[in-house]
Amino acid sequence: MLKLNCGAVIIISGPSGVGKGTLISQLLERRSGLKLAVSATTRFPRLGEVSGVDYYFMSREEFMVRVERSEFVEWCEVHGNLYGTLKQEIDKTVLAGDNVLLEIDTQGAKKVLSQFDRLVRIFIAPPSELALLNRLRQRDTEDETTLARRLETASQELKEQHLYDYIVVNEVIEDAVQELMSIIDTVDEKES
Ligand code: 5GP
């Protein structure tokens with residue numbers, strides 16, 4: 001029987017401001033055979049964000065049309081906006097034998113759990129809740145209401161970290177990147 005050498009789905013979750021974006025960019029720079037699935041969202045782009053690179057930015061109407069067409073593996077409402085993972089973003093990578101990273105929240109991570117054979121879930125945690133609050137304030141891209149909402153979601157998400165296969169604490173970026181790379185090595189070794 002023909003055995004397809006499919007890649008693995010690697011979920012990365014963690015609260016806003018924990019540094020997922022930086023860690024993911026480092027991983028993508030340093031690892032070949034690893035691609036990021038670009039999510040769709042109805043939130044407005046932040047300064048410097050590019051559609052098709054950071055997200056596929058779209059209206060609520062367009063998002064819901066795609067929901068109707070079953071184009072998403074999962075989708076959720078986060079902080080009042082819709083976010084979803086497009087099936088096509090995963091398929092094109094895993095069928096080519098590469099691993100795909102999904103940067104999704106804890107609700108989305110639960111929904112994809114049963115959908116893939118080769119799946120690993122990693123939670124990025126801050127060194128402390130206070131450190132997270134300081135990072136979010138420094139980021140300064142949000143107004144006070146949005147910040148309060150993100151903090152509330154963050155403490156909910158932190159309560160769910162035990163559901164993940166691995167928890168990586170992002171205190172020193174380089175250490176966290178090294179830890180993530182060794183987790184991915186383990187995933188690759190299991191396949192070979
Ligand atoms: P942000 O607006 O800061 O880019 O993302 C807010 C939250 O949405 C983050 O926790 C991020 O992980 C989550 N998120 C981004 N894309 C997706 C997705 O496709 N599905 C789900 N469920 N969450 C997502």
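Helix H6 (residues 144-158) gives the most to the lining of the second largest pocket, with 4 residues, where helices are DSSP runs of H or I with at least four residues and strands are E runs of at least two, numbered from the N terminus. This is a predicted model, in which local features need pLDDT of at least 70 and side-chain atom pairs count only at pLDDT 80 or more, while totals for chains, interfaces and linings use all residues. Residues are numbered from 1 along each chain as its sequence is written, and side-chain values use heavy atoms, with hydrogens and water left out.

**Second largest pocket**
- About 230 Å³ of space lies in this pocket, a pocket being an open set of points on a 1 Å grid over the protein atoms alone, where a 1.4 Å probe fits, with protein on both sides within 12 Å along at least five of seven lines.
- Its lining of 13 residues (an atom within 4 Å of a point) has Arg43, Asn81, Glu142, Thr146 and Arg150 nearest the centre.
- By class, that lining divides into 2 nonpolar, 5 polar and 6 charged residues, with Asp, Glu, Lys and Arg counted as charged, Ala, Val, Leu, Ile, Met, Phe, Trp, Tyr, Cys and Pro as nonpolar, and the others, Gly among them, as polar.

**Largest pocket**
- The largest pocket has a volume of about 950 Å³, and of its 39 lining residues the closest to the centre are Lys20, Gly21, Arg46, Tyr55 and Glu103.
- Helix H1 (20-30) is among the elements that supply at least two lining residues, and H1 gives the most, with 6.

**Packing of H5 and H6**
- Helix H5 (residues 129-139) packs with H6 at an angle of about 150 degrees, with the axes 11 Å apart; the axes are lines fitted to C-alpha atoms over the stretch in contact, and angles run from 0 to 180 degrees between N-to-C directions.
- H5 and H6 are therefore roughly antiparallel, a term for angles over 145 degrees.

Key: Angles under 35 degrees count as roughly parallel, over 145 as roughly antiparallel, 65 to 115 as roughly perpendicular and the rest as oblique. Grid points are joined across faces, edges and corners, and a volume is the space filled by probe spheres set on the points.
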